[in-house]
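I opened the model to look up a few local features. My notes follow the picture.

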Amino acid sequence: MAQYIIQGGRRLEGEHWVQGAKNSALPILAAAAATKSQCVIHRCPALKDVDAALRILRWLGCGVRREGGTVTVDAAGLSHSRIPEVLMREMRSSIIFMGPLLSALGHAELSAPGGCEIGLRPINLHLEAMRALGAEIVDEGGRLSCSAAKGLHGGRYILSFPSVGATENMMIAAARARGTTTLTNAAREPEIVDLANFLNRCGANVRGAGEGVITIEGVESLHGAEHAVIPDRIAAVTMLSAAAITRGEILLRGAAPGHMDAVLSVLEQGGCRIRRAPDGEMHLRACARLRHFPTVRTMPYPGFPTDAQAAIMALACVAEGASMITETIFENRYNHVGELRRMGASIRVEDRVAVVEGVACLHGAGVEARDLRAGTALVVAGLAAEGRTRVRGVCHMERGCERFEEALAALGADINRMEEDSDGKEANEDKGEKK
């Protein structure tokens, strides 16, 4: 198992290019299968979740080639509609392949997705959305057999919650369905707009993406296209947080500031000075000590994103005064709280509300990441802590952070990725390199 070793207390400064959005790349790669043609996806991040999606595409019969940040998917050979459970369990969003397979082949056989545990992510909304388009779905002991022998047809569906994944699945499936599909209470995230733009480049007719109601006019067929994934707003927030907690200064290039307004507002109220430029550049200069944050409440976009909650909590741990954070999306999104306490943080949690009393400083400790966002929060905290912090569970961070330790080291962080032996000790401890 890999771990990060961080010697805290170093001020971060410099420039950083923002990676492509994981949460855009995954549905776009899945949608490429529905074209049964060749698609070229630029700015595709090198992540474990993306690698898992590419393995699924290969299993389904697609040709896949990566050259740097560009992935080419040739879906002309798409022939399999069954995804093995071992592949489904490699990432939480693997259910996104249901819509493309039903659209292209009229059948899909999948199991419940896997990934890190941040709480329930029910797939009932996906199933109901597919049934609204005429799909028949049978659940056989957790194995889902989905069919549309006569093809999918347009339909009307109102989401009880603006689920990003269900919105994406329905958009992809409805792109080639007969007639018109109307999806109400749709998710509005920038990643939804990015997927719609890709589908439209492939010949689809999707209108209203980014709004509460999306209309899809079914077309007879889709074709291949070339598309560049939008910047990853959560990865950008992580790097801004790393600079802010170390009283540093950072210039982000290739960002999308307009996708991050809710988080940038919180950072500014905490004392950070942020400059936005029309070309996607963002400059953050931290203050001597962060001020406590106003009440932070996670909400669907355009509200404060749940994926940014953990990083902001790490900042609140060393901010002056008390901050209140309410998590409304996932019930297990406080996996980082106990580990931050090990570093000296003062956090009280009652139900979904966390009250964070800022302390003068954190101290290094051995901590473990249990999910992607919790892991990034622990790394951010370790950058400011006195002494050495050892963060285990690097595998979670590699799901969503492209070359994380390299990016931080380029900004001046003292961080190294190391392997542990089978006993959980550092592999080089016997060489006297453990400090």
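I then checked the distance, and the two form a salt bridge, with the closest N and O atoms 3.8 Å apart (a salt bridge is a side-chain nitrogen of Lys or Arg within 4 Å of a carboxyl oxygen of Asp or Glu). This pair links distant parts of the chain, 66 residues apart: Arg 373 sits in helix H12 (residues 372-384) and Asp 307 in the loop between S17 and H10. Helices (H or I, at least four residues) and strands (E, at least two) are DSSP runs, numbered from the N terminus.

For the record, this is a predicted model: local features need pLDDT of at least 70, side-chain atom pairs count only at pLDDT 80 or more, and totals for chains, interfaces and linings use all residues. Residues are numbered from 1 along each chain as its sequence is written, and side-chain values use heavy atoms, leaving out hydrogens and water.

Which residue meets Asp 307 in a salt bridge at 2.9 Å? I found Arg 333, by the N to O distance. Arg 333 lies in the loop between strand S18 (322-326) and helix H11 (337-342), so its pairing with Asp 307 ties together parts 26 residues apart in sequence. Asp 307 and Arg 333 are both buried.

I looked next at Glu 419 and Arg 417, whose closest N and O atoms are 2.8 Å apart in a salt bridge. Glu 419 is partly exposed at 38% relative accessible area. Arg 417 is partly exposed too, at 35%.

I also noted a network of salt bridges linking Arg 11, Glu 13, Glu 249 and Arg 285. My count of salt bridges is 20.

Then I turned to helix packing. H6 (residues 164-174) and H7 (residues 190-201) pack at about 10 degrees, axes 10 Å apart (axes are lines fitted to C-alpha atoms, for helices over the stretch in contact, and angles run from 0 to 180 degrees between N-to-C directions). That makes H6 roughly parallel to H7 (angles under 35 degrees count as roughly parallel, over 145 as roughly antiparallel, 65 to 115 as roughly perpendicular and the rest as oblique). The contact (heavy atoms within 4.5 Å) includes Met 171 of H6 and Leu 195 of H7.

Last, H1: 13 of its 14 residues are buried, so H1 is largely enclosed by the rest of the structure. Lys 36 follows H1, with a positive phi near 50 degrees.

Key: Buried < 20%, exposed > 50% of the residue type's maximum accessible area, 1.4 Å probe, protein only.
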